Amino acid sequence: MQVLPSQDCEQYVTELDHLLSGVVGRGPDQVGKGREAVGRLWPELVSGGWLDVGMTAAGAAPMADMLKVARLWGGYLVPAPYVTSVMARRWAAAGDLDEDRVYTVAVGQGTGCLVPFGGWPGVRVLNDLGATKGNADPGSAELDGYAPSLGIARSPSHGSDLSGVQRRELAAVWASEALGGADVMFRECLEYAKSRMAYGRAIGSFQAVAHMFAEIHRDLEFGQSATLAAAAADEATAWLAAQMASEYAVTVLKRLVQIYGGIGFTWELGLHWYLRHAVALNELVAFLCSTQDSLSPGELGA
Amino acid sequence: VPAKTFEDPDVEIFRAQLRDWLQANVPKTWGSRFELSEAEQSRIKTDWERTLSKGGYAGVSWPLEFGGMGLGPIEEVVFYQEAARAHAPEEANVIGKHVAGPSIAVNGTTRQRERYLQPILDGVEIWCEGFSEPDAGSDLAAVQTTADIDGDMLRITGHKIWTSNAHIADLCWLLARTSREQSRRHNVSMVIVDMHQEGVEVVPIRDLTGERHFNEVSFNGAVAPIENVVGEINEGWQLASVTGFRAGRQAITGGLRRYLFLREWADTLVDCCASGPGQRAEAERLSMRVELVSWQVMRSAELVAQGRNWHQSTSVLHVYWGELMQDLTAFGVATRCARHREHWRHLDLQSRSATIYGGTAQIQKNVIATRVLGLKSPR
């Protein structure tokens with residue numbers, strides 16, 4: 001498979017980054033702003049064709065491009081079903097989807113599932129793509145407040161009936177999204193460690209801290225490689241790769257809390273939103289990867 | 001012209017042809033090497049170098065003018081991926097092929113290129129690397145071995161230690177001080193030294209596994225013609241840090257060489273040693289970590305091929321595979337596999353070196369923190 005994103009992707013991701021940073025902004029306090037800004041951002045994403053980046057003149061865009069897009073999106077924690085909508089359009093045959101609709105995925109194949117952005121007005125749950133069976137409403141859903149940036153609903157309805165390839169691709173992009181958030185916090189934390197003084201020195205100059213940064217950088221790099229392995233065609237290893245990629249994101253974020261110290265443990269910094277986002281995505285990836293037919297009441301948090 | 005990628009048709013053709021060639025040429029004896037002595041394994045590896053040479057695969061990314069295949073980092077990655085898949089032997093002449101040769105190709109004189117490069121590819125001259133000293137391990141600029149200029153000769157005096165393969169080497173890629181006045185990092189030179197001469201004494205060092213593959217080397221009156229200095233005199237530290245046309249690729253090649261045997265180790269764990277769901281799950285995770293080495297070098301190789309910044313992705317390879325080797329072999333011991341018990345116990349001990357040689361894991365992390373992430377030098 002293609003390893004690096006295409007040149008087209010590199011270009012439009014720069015433009016998308018510009019759009020997101022202009023509307024949402026950067027920094028650990030952007031989560032609140034993201035919620036405020038989403039009403040302004042979404043129409044721009046739709047009108048600017050940003051929901052269609054998964055489609056090219058030659059067909060579906062390469063997964064390396066999708067991983068790049070999800071990684072960027074993950075750095076902004078915008079609470080909107082962008083990644084699932086992009087993937088839905090990428091998977092769908094022409095005419096299978098209503099262009100004006102917003103799509104999400106219900107994870108779990110039996111009677112009970114998790115639905116990111118299940119409470120989004122008018123959101124449709126993908127089902128039977130290509131079989132023209134239509135796409136279901138999420139039904140009655142109870143919002144999970146753990147990670148508001150994902151708006152996960154618990155739904156008693158059936159999960160999306162995606163193909164194995166679609167499930168694997170979704171696991172890969174969700175893992176990449178989690179790593180995108182971890183990467184943004186890593187860059188923030190790096191700057192913090194260069195300026196935060198302790199005992200008369202920048203904390204980043206202490207070897208113990210410097211080595212943590214080196215290890216985090218290693219984990220982010222290999223997490224990125226794991227998303228590639230997850231998106232590759234080798235079904236035997238792809239699931240495990242996706243799981244490990246999203247685990248790398250969670251591990252990185254927990255270590256960043258440690259480097260930030262007390263401030264990292266505070267609500268105000270906002271680091272916890274990235275951690276919650278990654279933990280929740282890690283759960284979704286785990287559910288996608290699992291072979292079980294339905295989620296148990298315990299797994300649904302009932 | 002777009003940079004080459006792993007999807008290019010000619011790369012796929014290269015892979016297919018290589019796969020066929022490996023299937024026909026990988027020695028069957030290598031598969032049962034657990035039962036062979038160190039000397040027998042060493043002979044298989046040396047023979048493999050010559051087999052690669054005959055097949056034209058000895059220098060995949062070496063330039064055509066120096067006897068290589070003239071291909072790039074993408075094909076080099078493919079070579080190791082397929083060699084790992086075929087469970088091919090490791091290389092015997094790592095220093096010659098991956099350190100000295102590439103540097104001579106770029107920095108050497110015409111005479112040096114003509115004299116030294118072809119024998120490296122032919123597998124007929126084995127090289128060792130004379131860098132580490134008792135008081136200069138990871139800190140190469142601190143070497144004390146001297147190469148004093150005496151007419152058109154250099155007289156070499158000093159001790160090198162932990163010198164792998166010095167006991168079988170024909171030539172040494174030696175870092176020695178050639179100035180007592182110049183500042184640190186501008187007072188050492190890279191010299192090619194004939195190991196078969198009076199004044200060179202090689203004393204094997206027994207490592208903690210009981211093997212004797214590395215050595216202490218004493219230079220006491222050994223000589224080398226001054227024309228054996230590679231690059232500028234007193235600028236050897238630069239050559240020790242960067243290796244010619246492979247600048248940026250050395251870390252990739254290092255990762256690939258480890259992938260070659262890590263893949264086989266992981267296959268052994270999954271196929272034989274791990275029993276029960278818990279052990280199998282752990283073996284599969286370790287196997288995936290091995291596969292991530294391959295993905296990481298693929299990403300790095302495409303970045304190199306495109307001339308883009310590859311430091312971020314290559315800098316973490318050594319730290320990653322070093323720790324992986326230790327985790328994987330420790331788990332091998334923990335499986336208590338009767339068939340591979342001695343194998344894993346040996347490798348578990350041997351892998352202690354994986355976070356020491358080539359710059360300790362701690363030094364590697366310092367380098368990442370300062371040169372890649374821009375933190376101040378740790379104390």
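Helices are taken here as DSSP runs of H or I spanning at least four residues, numbered from the N terminus. In the predicted model, H3 and H4 of chain B each contribute at least two residues to the lining of the largest cavity.

Helix H3 of chain B covers residues 73-85, and its 13 residues extend 18 Å from the first C-alpha to the last, close to the 18 Å expected at 1.5 Å a residue. H3(B) is mostly covered, with 12 of its 13 residues buried. The buried set comprises B:Pro73, B:Ile74, B:Glu75, B:Glu76, B:Val77, B:Val78, B:Phe79, B:Tyr80, B:Gln81, B:Glu82, B:Ala83 and B:Ala84. Among the elements of chain B that cover these residues are helix H1 (9-25), helix H2 (38-55), helix H4 (94-107), helix H7 (250-273) and helix H8 (276-305). Just after H3(B), the backbone at B:His87 adopts a positive phi of about 55°.

The volume of the largest cavity is about 90 Å³. Its lining consists of 14 residues, of which B:Ala58, B:Gly59, B:Val60, B:Glu76 and B:His98 are the closest to the centre. H3(B) gives the most to this lining, with 3 residues. By class, the lining of the largest cavity divides into 7 nonpolar, 3 polar and 4 charged residues.

The lining of the second largest cavity comprises 9 nonpolar, 1 polar and 1 charged residues.

A further site in chain A was examined at A:Thr227, which lies in helix H6 (residues 207-231). A:Thr227 has a relative accessible area of 2% and is therefore buried, the cut-off being under 20%. Beyond its neighbours within four places in sequence, A:Thr227 is in contact with A:Leu67, A:Ala172, A:Ala175, A:Ser176, A:Leu179 and A:Ala245.

Terms used. Residues are numbered from 1 along each chain as its sequence is written. Chains are lettered from A and ligands numbered from 1 in the order in which they are written. This is a predicted model: local features need pLDDT of at least 70, side-chain atom pairs count only at pLDDT 80 or more; totals for chains, interfaces and linings use all residues. Side-chain values use heavy atoms; hydrogens and water are left out. Buried means under 20% relative accessible area, exposed over 50%, partly exposed in between (1.4 Å probe, protein chains only). Contact means heavy atoms within 4.5 Å. The expected span of a helix is 1.5 Å times one less than its number of residues. On a 1 Å grid over the protein atoms alone, a cavity is a set of points where a 1.4 Å probe fits but cannot get out, and a pocket is an open set with protein on both sides within 12 Å along at least five of seven lines; lining residues have an atom within 4 Å of a point. Grid points are joined across faces, edges and corners, and a volume is the space filled by probe spheres set on the points. Ala, Val, Leu, Ile, Met, Phe, Trp, Tyr, Cys and Pro count as nonpolar, Asp, Glu, Lys and Arg as charged, and the others, Gly among them, as polar.
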